[in-house]
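Please go through the model shown here.

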Amino acid sequence: MDNNRFLRHSLIDWFDIARLRRSSVVVVGAGAIGNEVLKNLCLLGVGRLHVIDFDIIELHNLPRTVLFASSDIGRPKAEVAAEACRKIDPECVVTYSTTDFWESLSMGEMKCFDAVLSCVDNFEARIRLNRLCFISQVDFYSAAIDSRAVSIEQYPFGEEMEGACYQCNLPMSVYTRIGERYSCGWLRKTAIEEKKVPTTIITSSIAAAQASSLFLQRHHPDRLVGAVRAYTDTVTLRSTVSQLTRAADCQLCSTLKLERHIFRVKGGAFASIAESLAPAIADIDFYFSDPLILDAKCKICGEDRAINDRAEKYDEALLICLNCNVRSNDITFADSMSLSELARRFSSQPVPVKFISFEYEGKQFFLEMEA
Amino acid sequence: MSEFVLLIRTADQTRKAEITISQDNTCADIIQSAVTNWKLPKDTDYTIVNVTNGKSLTPADTLVKSGVSNNDILEIQPVLVAG
(Lines give C-alpha, C1' and ligand atoms only; values in the text may rest on other atoms or scores of the structure.)
Protein backbone atom coordinates (compact mmCIF):
# COMPACT_ATOMS: atom_id res chain seq x y z
CA MET A 1 0.00 0.00 0.00
CA ASP A 2 1.22 3.47 -0.86
CA ASN A 3 1.30 5.07 2.60
CA ASN A 4 1.31 8.59 1.18
CA ARG A 5 -2.13 8.08 -0.32
CA PHE A 6 -3.83 8.24 3.08
CA LEU A 7 -1.37 10.63 4.73
CA ARG A 8 -4.08 13.10 5.76
CA HIS A 9 -6.39 10.35 7.04
CA SER A 10 -3.54 9.04 9.20
CA LEU A 11 -3.57 12.35 11.08
CA ILE A 12 -7.11 11.61 12.35
CA ASP A 13 -6.69 9.79 15.66
CA TRP A 14 -9.66 7.43 15.26
CA PHE A 15 -9.10 6.68 11.56
CA ASP A 16 -7.88 3.08 11.36
CA ILE A 17 -6.52 2.80 7.79
CA ALA A 18 -5.29 -0.76 8.19
CA ARG A 19 -8.70 -1.97 9.39
CA LEU A 20 -10.46 -0.15 6.56
CA ARG A 21 -8.04 -1.70 4.05
CA ARG A 22 -8.98 -5.15 5.37
CA SER A 23 -12.71 -4.42 5.18
CA SER A 24 -15.06 -5.51 2.41
CA VAL A 25 -18.48 -4.22 1.42
CA VAL A 26 -21.23 -5.31 -0.95
CA VAL A 27 -23.02 -2.36 -2.57
CA VAL A 28 -26.37 -3.35 -4.08
CA GLY A 29 -27.66 -0.79 -6.55
CA ALA A 30 -25.30 1.42 -8.57
CA GLY A 31 -27.71 4.29 -9.17
CA ALA A 32 -27.68 7.74 -7.58
CA ILE A 33 -26.86 6.66 -4.00
CA GLY A 34 -24.79 3.66 -5.12
CA ASN A 35 -22.47 5.87 -7.21
CA GLU A 36 -21.83 8.18 -4.27
CA VAL A 37 -21.39 5.33 -1.78
CA LEU A 38 -18.87 3.57 -4.05
CA LYS A 39 -16.94 6.81 -4.61
CA ASN A 40 -16.84 7.47 -0.85
CA LEU A 41 -15.78 3.95 0.13
CA CYS A 42 -13.03 3.96 -2.52
CA LEU A 43 -11.72 7.35 -1.43
CA LEU A 44 -11.81 6.29 2.22
CA GLY A 45 -9.65 3.24 1.45
CA VAL A 46 -12.00 0.24 1.77
CA GLY A 47 -10.03 -2.78 0.55
CA ARG A 48 -12.68 -4.78 -1.27
CA LEU A 49 -15.94 -3.83 -2.97
CA HIS A 50 -18.54 -5.93 -4.76
CA VAL A 51 -21.06 -3.99 -6.87
CA ILE A 52 -24.39 -5.51 -7.94
CA ASP A 53 -26.84 -3.95 -10.40
CA PHE A 54 -28.67 -5.51 -13.36
CA ASP A 55 -29.62 -2.18 -14.91
CA ILE A 56 -28.00 -0.30 -17.79
CA ILE A 57 -27.00 3.38 -17.90
CA GLU A 58 -29.48 5.80 -19.45
CA LEU A 59 -29.12 9.50 -20.26
CA HIS A 60 -31.43 10.58 -17.40
CA ASN A 61 -29.11 8.86 -14.86
CA LEU A 62 -26.18 11.18 -15.62
CA PRO A 63 -27.18 14.25 -13.51
CA ARG A 64 -26.93 12.04 -10.37
CA THR A 65 -24.07 9.66 -11.14
CA VAL A 66 -20.50 10.85 -10.71
CA LEU A 67 -19.00 7.54 -11.92
CA PHE A 68 -20.80 7.53 -15.31
CA ALA A 69 -20.17 9.56 -18.48
CA SER A 70 -22.33 10.05 -21.56
CA SER A 71 -20.07 7.60 -23.42
CA ASP A 72 -21.21 4.90 -20.96
CA ILE A 73 -24.89 5.06 -21.97
CA GLY A 74 -26.15 1.56 -22.75
CA ARG A 75 -23.47 -0.19 -20.66
CA PRO A 76 -24.16 -2.08 -17.41
CA LYS A 77 -24.13 0.20 -14.34
CA ALA A 78 -22.25 -2.33 -12.20
CA GLU A 79 -19.48 -2.83 -14.76
CA VAL A 80 -18.90 0.90 -15.35
CA ALA A 81 -19.06 1.68 -11.61
CA ALA A 82 -16.47 -1.05 -10.92
CA GLU A 83 -14.14 0.36 -13.60
CA ALA A 84 -14.46 3.86 -12.14
CA CYS A 85 -13.73 2.56 -8.61
CA ARG A 86 -10.54 0.89 -9.84
CA LYS A 87 -9.46 4.22 -11.35
CA ILE A 88 -10.11 6.03 -8.06
CA ASP A 89 -8.12 3.48 -6.05
CA PRO A 90 -6.18 0.90 -8.09
CA GLU A 91 -5.39 -1.06 -4.91
CA CYS A 92 -9.06 -1.60 -4.06
CA VAL A 93 -10.24 -5.05 -5.22
CA VAL A 94 -13.48 -4.39 -7.08
CA THR A 95 -15.76 -7.11 -8.45
CA TYR A 96 -19.22 -6.77 -9.92
CA SER A 97 -22.32 -8.63 -10.99
CA THR A 98 -24.85 -7.53 -13.61
CA THR A 99 -27.57 -9.93 -12.43
CA ASP A 100 -30.30 -9.61 -9.80
CA PHE A 101 -28.70 -9.99 -6.35
CA TRP A 102 -31.36 -12.55 -5.43
CA GLU A 103 -29.83 -14.81 -8.09
CA SER A 104 -26.15 -13.99 -7.69
CA LEU A 105 -25.54 -13.19 -4.01
CA SER A 106 -25.27 -16.30 -1.87
CA MET A 107 -25.66 -16.16 1.89
CA GLY A 108 -22.47 -18.19 2.22
CA GLU A 109 -20.50 -15.58 0.22
CA MET A 110 -22.13 -12.70 2.11
CA LYS A 111 -20.59 -13.91 5.35
CA CYS A 112 -17.17 -13.08 3.86
CA PHE A 113 -18.14 -9.38 3.73
CA ASP A 114 -18.29 -6.92 6.62
CA ALA A 115 -21.43 -5.17 5.45
CA VAL A 116 -24.07 -4.85 2.76
CA LEU A 117 -25.20 -1.37 1.69
CA SER A 118 -28.65 -1.26 0.13
CA CYS A 119 -28.92 1.48 -2.50
CA VAL A 120 -31.82 -0.11 -4.39
CA ASP A 121 -35.02 1.67 -5.43
CA ASN A 122 -37.93 -0.52 -4.32
CA PHE A 123 -39.35 -2.13 -1.19
CA GLU A 124 -39.26 -5.70 -2.48
CA ALA A 125 -35.50 -5.55 -3.04
CA ARG A 126 -34.92 -3.89 0.36
CA ILE A 127 -37.02 -6.55 2.09
CA ARG A 128 -35.11 -9.33 0.32
CA LEU A 129 -31.73 -7.82 1.21
CA ASN A 130 -32.81 -7.42 4.83
CA ARG A 131 -33.80 -11.08 4.83
CA LEU A 132 -30.47 -12.29 3.42
CA CYS A 133 -28.43 -10.10 5.80
CA PHE A 134 -30.51 -11.11 8.84
CA ILE A 135 -30.20 -14.83 8.09
CA SER A 136 -26.48 -14.68 7.31
CA GLN A 137 -25.82 -12.22 10.19
CA VAL A 138 -24.08 -9.55 8.10
CA ASP A 139 -24.33 -5.83 8.99
CA PHE A 140 -26.95 -4.11 6.84
CA TYR A 141 -27.23 -0.43 5.94
CA SER A 142 -30.23 0.87 4.02
CA ALA A 143 -30.01 4.27 2.31
CA ALA A 144 -33.10 5.83 0.73
CA ILE A 145 -34.09 9.24 -0.61
CA ASP A 146 -36.69 11.33 -2.35
CA SER A 147 -36.28 14.82 -3.80
CA ARG A 148 -36.08 16.42 -0.35
CA ALA A 149 -35.31 13.94 2.41
CA VAL A 150 -32.78 11.27 3.31
CA SER A 151 -33.27 8.16 5.43
CA ILE A 152 -30.33 6.03 6.57
CA GLU A 153 -30.87 2.90 8.61
CA GLN A 154 -28.28 0.76 10.37
CA TYR A 155 -28.89 -2.89 11.34
CA PRO A 156 -25.81 -4.45 12.99
CA PHE A 157 -26.88 -8.06 12.42
CA GLY A 158 -23.25 -9.17 12.70
CA GLU A 159 -23.07 -8.27 16.38
CA GLU A 160 -26.65 -8.01 17.60
CA MET A 161 -29.40 -10.49 16.77
CA GLU A 162 -32.00 -9.24 19.27
CA GLY A 163 -32.47 -5.82 17.65
CA ALA A 164 -34.94 -4.63 15.05
CA CYS A 165 -34.72 -5.56 11.38
CA TYR A 166 -35.79 -3.46 8.35
CA GLN A 167 -39.22 -5.08 8.29
CA CYS A 168 -40.00 -4.38 11.98
CA ASN A 169 -40.93 -0.77 11.26
CA LEU A 170 -42.45 -1.10 7.81
CA PRO A 171 -46.11 -0.03 7.84
CA MET A 172 -48.74 -2.45 6.54
CA SER A 173 -49.40 -0.04 3.67
CA VAL A 174 -46.05 -1.10 2.16
CA TYR A 175 -47.14 -4.74 2.02
CA THR A 176 -50.56 -3.69 0.69
CA ARG A 177 -48.86 -1.70 -2.08
CA ILE A 178 -46.60 -4.64 -2.94
CA GLY A 179 -49.65 -6.94 -2.94
CA GLU A 180 -51.40 -4.69 -5.46
CA ARG A 181 -48.79 -5.72 -8.05
CA TYR A 182 -49.98 -9.31 -7.91
CA SER A 183 -53.22 -11.13 -8.64
CA CYS A 184 -54.38 -14.54 -7.38
CA GLY A 185 -51.63 -14.40 -4.76
CA TRP A 186 -48.32 -14.36 -6.62
CA LEU A 187 -48.95 -13.78 -10.33
CA ARG A 188 -47.56 -10.45 -11.50
CA LYS A 189 -50.12 -8.04 -12.90
CA THR A 190 -49.25 -7.04 -16.45
CA ALA A 191 -50.44 -3.42 -16.41
CA ILE A 192 -48.85 -1.90 -13.30
CA GLU A 193 -47.16 1.43 -13.72
CA GLU A 194 -44.12 1.88 -11.48
CA LYS A 195 -44.12 5.07 -9.42
CA LYS A 196 -41.07 7.16 -10.33
CA VAL A 197 -39.63 9.06 -7.37
CA PRO A 198 -37.65 12.13 -8.44
CA THR A 199 -34.29 12.58 -6.72
CA THR A 200 -31.26 14.87 -7.00
CA ILE A 201 -27.54 14.63 -6.33
CA ILE A 202 -28.16 16.68 -3.15
CA THR A 203 -30.19 13.97 -1.43
CA SER A 204 -28.19 11.09 -2.92
CA SER A 205 -24.82 12.55 -1.91
CA ILE A 206 -26.02 13.31 1.65
CA ALA A 207 -27.48 9.80 1.92
CA ALA A 208 -24.23 8.26 0.72
CA ALA A 209 -22.12 10.42 3.04
CA GLN A 210 -24.23 9.40 6.05
CA ALA A 211 -24.28 5.70 5.10
CA SER A 212 -20.52 5.68 4.43
CA SER A 213 -19.93 7.48 7.73
CA LEU A 214 -21.97 4.92 9.67
CA PHE A 215 -19.86 2.14 8.12
CA LEU A 216 -16.61 4.04 8.68
CA GLN A 217 -17.45 4.78 12.33
CA ARG A 218 -18.68 1.33 13.27
CA HIS A 219 -15.76 0.85 15.69
CA HIS A 220 -15.76 4.46 16.93
CA PRO A 221 -16.49 4.83 20.69
CA ASP A 222 -19.15 7.51 19.96
CA ARG A 223 -20.91 5.52 17.22
CA LEU A 224 -24.66 5.01 17.06
CA VAL A 225 -25.35 1.64 18.67
CA GLY A 226 -28.00 -0.87 17.60
CA ALA A 227 -30.69 -0.49 14.97
CA VAL A 228 -31.11 3.22 14.21
CA ARG A 229 -32.58 5.53 11.59
CA ALA A 230 -31.33 9.02 10.75
CA TYR A 231 -33.92 11.07 8.86
CA THR A 232 -32.71 14.34 7.37
CA ASP A 233 -34.70 17.09 5.68
CA THR A 234 -32.25 18.60 3.19
CA VAL A 235 -34.25 21.85 2.91
CA THR A 236 -34.35 22.77 6.60
CA LEU A 237 -31.30 20.61 7.46
CA ARG A 238 -33.22 19.23 10.47
CA SER A 239 -32.29 15.67 11.43
CA THR A 240 -34.03 13.13 13.64
CA VAL A 241 -32.16 10.08 14.93
CA SER A 242 -34.30 7.30 16.37
CA GLN A 243 -33.72 3.85 17.83
CA LEU A 244 -35.67 1.32 15.79
CA THR A 245 -37.91 -0.84 17.93
CA ARG A 246 -38.19 -4.57 17.32
CA ALA A 247 -41.75 -5.59 16.42
CA ALA A 248 -43.03 -8.69 18.21
CA ASP A 249 -45.09 -9.59 15.14
CA CYS A 250 -42.40 -8.85 12.53
CA GLN A 251 -42.87 -10.97 9.39
CA LEU A 252 -39.15 -11.82 9.37
CA CYS A 253 -37.35 -11.69 12.66
CA SER A 254 -40.20 -12.97 14.84
CA THR A 255 -40.09 -16.20 12.82
CA LEU A 256 -36.35 -16.85 12.87
CA LYS A 257 -34.44 -18.78 15.52
CA LEU A 258 -31.25 -17.44 17.03
CA GLU A 259 -29.28 -20.54 16.06
CA ARG A 260 -29.26 -20.99 12.32
CA HIS A 261 -27.17 -22.98 9.88
CA ILE A 262 -26.68 -22.31 6.17
CA PHE A 263 -25.73 -25.03 3.69
CA ARG A 264 -25.25 -24.81 -0.05
CA VAL A 265 -26.90 -27.55 -2.09
CA LYS A 266 -25.63 -28.16 -5.59
CA GLY A 267 -28.03 -28.82 -8.47
CA GLY A 268 -30.49 -31.59 -7.82
CA ALA A 269 -28.68 -32.82 -4.73
CA PHE A 270 -31.57 -31.77 -2.48
CA ALA A 271 -33.50 -34.97 -3.18
CA SER A 272 -30.56 -37.17 -2.15
CA ILE A 273 -29.85 -35.08 0.97
CA ALA A 274 -33.51 -35.21 1.91
CA GLU A 275 -33.54 -38.97 1.37
CA SER A 276 -30.56 -39.48 3.67
CA LEU A 277 -32.23 -37.34 6.36
CA ALA A 278 -35.68 -38.78 5.76
CA PRO A 279 -36.25 -40.72 8.99
CA ALA A 280 -35.39 -37.68 11.13
CA ILE A 281 -37.31 -35.03 9.20
CA ALA A 282 -40.16 -36.91 7.54
CA ASP A 283 -42.86 -34.86 9.27
CA ILE A 284 -41.22 -31.45 9.00
CA ASP A 285 -42.51 -28.66 6.78
CA PHE A 286 -39.99 -27.19 4.34
CA TYR A 287 -40.50 -23.49 3.57
CA PHE A 288 -39.53 -21.91 0.24
CA SER A 289 -37.83 -18.52 -0.08
CA ASP A 290 -39.83 -18.00 -3.26
CA PRO A 291 -43.43 -19.13 -3.76
CA LEU A 292 -43.84 -21.80 -6.43
CA ILE A 293 -46.54 -22.48 -8.98
CA LEU A 294 -47.17 -26.21 -9.07
CA ASP A 295 -49.73 -26.42 -11.85
CA ALA A 296 -52.39 -24.61 -13.88
CA LYS A 297 -55.62 -26.57 -14.41
CA CYS A 298 -58.44 -25.45 -16.71
CA LYS A 299 -61.91 -25.43 -15.12
CA ILE A 300 -63.50 -25.97 -18.56
CA CYS A 301 -61.46 -28.50 -20.53
CA GLY A 302 -59.65 -30.01 -17.54
CA GLU A 303 -56.16 -29.72 -19.01
CA ASP A 304 -53.67 -29.89 -16.15
CA ARG A 305 -50.34 -28.25 -16.96
CA ALA A 306 -47.43 -28.98 -14.59
CA ILE A 307 -45.37 -25.84 -13.90
CA ASN A 308 -43.16 -26.49 -10.82
CA ASP A 309 -41.41 -23.13 -11.13
CA ARG A 310 -41.03 -19.77 -9.32
CA ALA A 311 -44.24 -17.75 -9.32
CA GLU A 312 -42.32 -14.51 -9.99
CA LYS A 313 -41.57 -15.72 -13.53
CA TYR A 314 -45.27 -15.71 -14.45
CA ASP A 315 -47.95 -13.08 -14.89
CA GLU A 316 -51.72 -13.04 -15.29
CA ALA A 317 -51.40 -14.63 -18.76
CA LEU A 318 -51.07 -17.98 -16.98
CA LEU A 319 -54.74 -17.71 -16.03
CA ILE A 320 -55.67 -18.15 -19.71
CA CYS A 321 -56.13 -21.75 -20.86
CA LEU A 322 -54.27 -22.27 -24.13
CA ASN A 323 -57.03 -24.60 -25.40
CA CYS A 324 -60.10 -22.56 -24.38
CA ASN A 325 -58.48 -19.12 -24.81
CA VAL A 326 -60.30 -17.70 -21.74
CA ARG A 327 -59.25 -17.01 -18.13
CA SER A 328 -60.28 -20.45 -16.89
CA ASN A 329 -57.11 -21.78 -15.23
CA ASP A 330 -56.97 -22.52 -11.51
CA ILE A 331 -53.41 -22.02 -10.27
CA THR A 332 -51.93 -24.10 -7.45
CA PHE A 333 -49.30 -22.24 -5.44
CA ALA A 334 -47.03 -23.55 -2.67
CA ASP A 335 -44.74 -21.81 -0.20
CA SER A 336 -44.02 -24.95 1.80
CA MET A 337 -44.04 -28.69 1.26
CA SER A 338 -43.53 -31.98 3.05
CA LEU A 339 -40.42 -34.01 2.35
CA SER A 340 -42.32 -36.72 0.46
CA GLU A 341 -43.99 -34.13 -1.78
CA LEU A 342 -40.62 -32.46 -2.44
CA ALA A 343 -39.02 -35.76 -3.33
CA ARG A 344 -41.93 -36.63 -5.64
CA ARG A 345 -41.97 -33.33 -7.53
CA PHE A 346 -38.26 -32.56 -7.66
CA SER A 347 -36.55 -35.94 -7.88
CA SER A 348 -35.01 -35.12 -11.26
CA GLN A 349 -34.70 -31.32 -11.16
CA PRO A 350 -33.37 -28.71 -8.70
CA VAL A 351 -35.95 -27.02 -6.49
CA PRO A 352 -36.30 -23.62 -8.27
CA VAL A 353 -35.98 -21.40 -5.17
CA LYS A 354 -33.14 -19.41 -3.59
CA PHE A 355 -33.30 -21.41 -0.39
CA ILE A 356 -35.40 -23.87 1.58
CA SER A 357 -35.68 -23.52 5.35
CA PHE A 358 -36.80 -25.91 8.06
CA GLU A 359 -36.61 -26.23 11.83
CA TYR A 360 -35.16 -29.22 13.59
CA GLU A 361 -34.45 -29.68 17.30
CA GLY A 362 -34.87 -25.94 17.97
CA LYS A 363 -32.43 -24.90 15.26
CA GLN A 364 -33.14 -23.36 11.90
CA PHE A 365 -31.57 -24.74 8.73
CA PHE A 366 -31.26 -22.96 5.39
CA LEU A 367 -30.45 -24.99 2.30
CA GLU A 368 -29.29 -22.58 -0.37
CA MET A 369 -29.86 -23.92 -3.88
CA GLU A 370 -26.82 -23.59 -6.10
CA ALA A 371 -27.48 -23.62 -9.86
CA MET B 1 -60.63 5.04 28.85
CA SER B 2 -57.22 6.72 29.41
CA GLU B 3 -56.08 9.36 26.99
CA PHE B 4 -52.86 11.09 25.99
CA VAL B 5 -52.33 14.68 24.92
CA LEU B 6 -49.71 14.56 22.15
CA LEU B 7 -48.08 16.95 19.72
CA ILE B 8 -48.11 15.46 16.23
CA ARG B 9 -45.99 16.97 13.45
CA THR B 10 -44.75 16.12 9.98
CA ALA B 11 -41.03 15.58 9.38
CA ASP B 12 -40.71 18.90 7.52
CA GLN B 13 -42.57 20.52 10.45
CA THR B 14 -44.97 22.38 8.13
CA ARG B 15 -47.90 20.76 9.92
CA LYS B 16 -48.37 20.44 13.68
CA ALA B 17 -51.35 19.69 15.89
CA GLU B 18 -52.00 18.99 19.55
CA ILE B 19 -54.37 16.06 19.86
CA THR B 20 -56.10 14.13 22.62
CA ILE B 21 -56.15 10.44 21.79
CA SER B 22 -56.93 7.12 23.45
CA GLN B 23 -53.91 5.16 24.66
CA ASP B 24 -55.32 2.17 22.80
CA ASN B 25 -55.01 3.82 19.40
CA THR B 26 -52.21 2.59 17.16
CA CYS B 27 -49.54 4.26 15.10
CA ALA B 28 -51.56 3.34 11.99
CA ASP B 29 -54.58 5.23 13.37
CA ILE B 30 -52.57 8.44 13.76
CA ILE B 31 -51.07 8.11 10.27
CA GLN B 32 -54.50 7.54 8.73
CA SER B 33 -55.87 10.60 10.48
CA ALA B 34 -52.88 12.77 9.50
CA VAL B 35 -53.06 11.72 5.83
CA THR B 36 -56.76 12.58 5.76
CA ASN B 37 -56.76 15.83 7.74
CA TRP B 38 -53.49 17.26 6.43
CA LYS B 39 -54.03 15.95 2.89
CA LEU B 40 -50.62 14.24 2.86
CA PRO B 41 -49.77 12.34 -0.37
CA LYS B 42 -51.70 9.06 -0.40
CA ASP B 43 -49.17 7.26 -2.62
CA THR B 44 -46.55 7.49 0.13
CA ASP B 45 -46.06 5.23 3.17
CA TYR B 46 -45.47 6.71 6.64
CA THR B 47 -43.96 5.73 9.94
CA ILE B 48 -43.88 7.50 13.33
CA VAL B 49 -40.97 8.40 15.58
CA ASN B 50 -41.38 9.50 19.19
CA VAL B 51 -39.04 12.51 19.20
CA THR B 52 -39.29 12.81 22.99
CA ASN B 53 -37.72 9.43 23.77
CA GLY B 54 -35.96 8.92 20.41
CA LYS B 55 -37.68 5.63 19.57
CA SER B 56 -39.68 4.48 16.57
CA LEU B 57 -43.25 3.27 17.02
CA THR B 58 -43.92 -0.18 15.63
CA PRO B 59 -46.89 0.00 13.23
CA ALA B 60 -49.38 -2.37 14.84
CA ASP B 61 -48.76 -1.66 18.54
CA THR B 62 -50.95 0.61 20.66
CA LEU B 63 -49.52 3.92 21.85
CA VAL B 64 -49.25 2.71 25.43
CA LYS B 65 -47.49 -0.50 24.35
CA SER B 66 -45.07 1.60 22.26
CA GLY B 67 -44.00 3.49 25.37
CA VAL B 68 -45.69 6.77 24.48
CA SER B 69 -46.28 9.15 27.40
CA ASN B 70 -48.47 12.18 27.91
CA ASN B 71 -47.18 15.34 26.16
CA ASP B 72 -44.76 13.41 23.90
CA ILE B 73 -43.95 14.75 20.44
CA LEU B 74 -44.58 12.30 17.60
CA GLU B 75 -43.11 12.92 14.14
CA ILE B 76 -44.66 11.42 11.01
CA GLN B 77 -41.91 10.48 8.55
CA PRO B 78 -42.38 9.27 4.96
CA VAL B 79 -40.87 5.82 4.38
CA LEU B 80 -38.35 6.61 1.65
CA VAL B 81 -37.52 3.99 -0.96
CA ALA B 82 -35.73 5.54 -3.95
CA GLY B 83 -32.04 4.89 -4.43
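## Conventions

This is a predicted model: local features need pLDDT of at least 70, side-chain atom pairs count only at pLDDT 80 or more, and totals for chains, interfaces and linings use all residues. Residues are numbered from 1 along each chain as its sequence is written, while chains are lettered from A and ligands numbered from 1 in the order in which they are written.

## Domains of chain A

Chain A has domain 1 (3-243) and domain 2 (260-370). Such bounds come from an automatic or database domain assignment. The C-alpha centres of domain 1 of chain A and domain 2 of chain A are 32 Å apart.

Contact here means C-beta atoms, placed from the backbone, within 7 Å. By that test, 14 residues of domain 1 of chain A meet 16 residues of domain 2 of chain A. On the domain 1 side, α5 (107-110), α6 (123-136) and β8 (187-188) of chain A each supply at least two residues. Helices (H or I, at least four residues) and strands (E, at least two) are DSSP runs, numbered from the N terminus. That side of domain 1 of chain A holds six nonpolar, six polar and two charged residues. Nonpolar covers Ala, Val, Leu, Ile, Met, Phe, Trp, Tyr, Cys and Pro; charged covers Asp, Glu, Lys and Arg; the others, Gly among them, are polar.

## The nonpolar core

A nonpolar core is a set of buried Ala, Val, Leu, Ile, Met, Phe, Trp, Tyr and Cys residues joined through C-beta atoms within 7 Å. The largest has 108 residues. A:Val27, A:Leu38, A:Val51, A:Val116, A:Leu117 and A:Ala143 touch the most other members. Domain 1 (3-243) and domain 2 (260-370) of chain A each give this core at least three residues.

A:Leu38 sits in helix α2 (residues 32-44) of chain A. Is A:Leu38 buried or exposed? A:Leu38 is buried, because 30 other C-beta atoms lie within 10 Å. The cut-offs are 20 or more for buried, 12 or fewer for exposed, and partly exposed in between, with C-beta atoms placed from the backbone. Beyond four places in sequence, contacts of A:Leu38 include A:Val27, A:Leu49 and A:Cys85.

## Strands of chain B

Strands pair if DSSP finds at least two bridges between them. Strand β1 (residues 3-10) of chain B pairs with strand β2 (residues 16-22) of chain B, antiparallel, over seven bridges. B:Arg9 is bridged to B:Lys16 in β2(B). Five residues lie between the strands of this hairpin, where B:Gln13 takes a positive phi near 60 degrees.

β1(B) also pairs with strand β5 (residues 73-78) of chain B, in the parallel sense, over four bridges. There B:Ile8 stands opposite B:Leu74 in β5(B).

How values were computed
Two residues are in contact if their C-beta atoms, placed from the backbone, lie within 7 Å.
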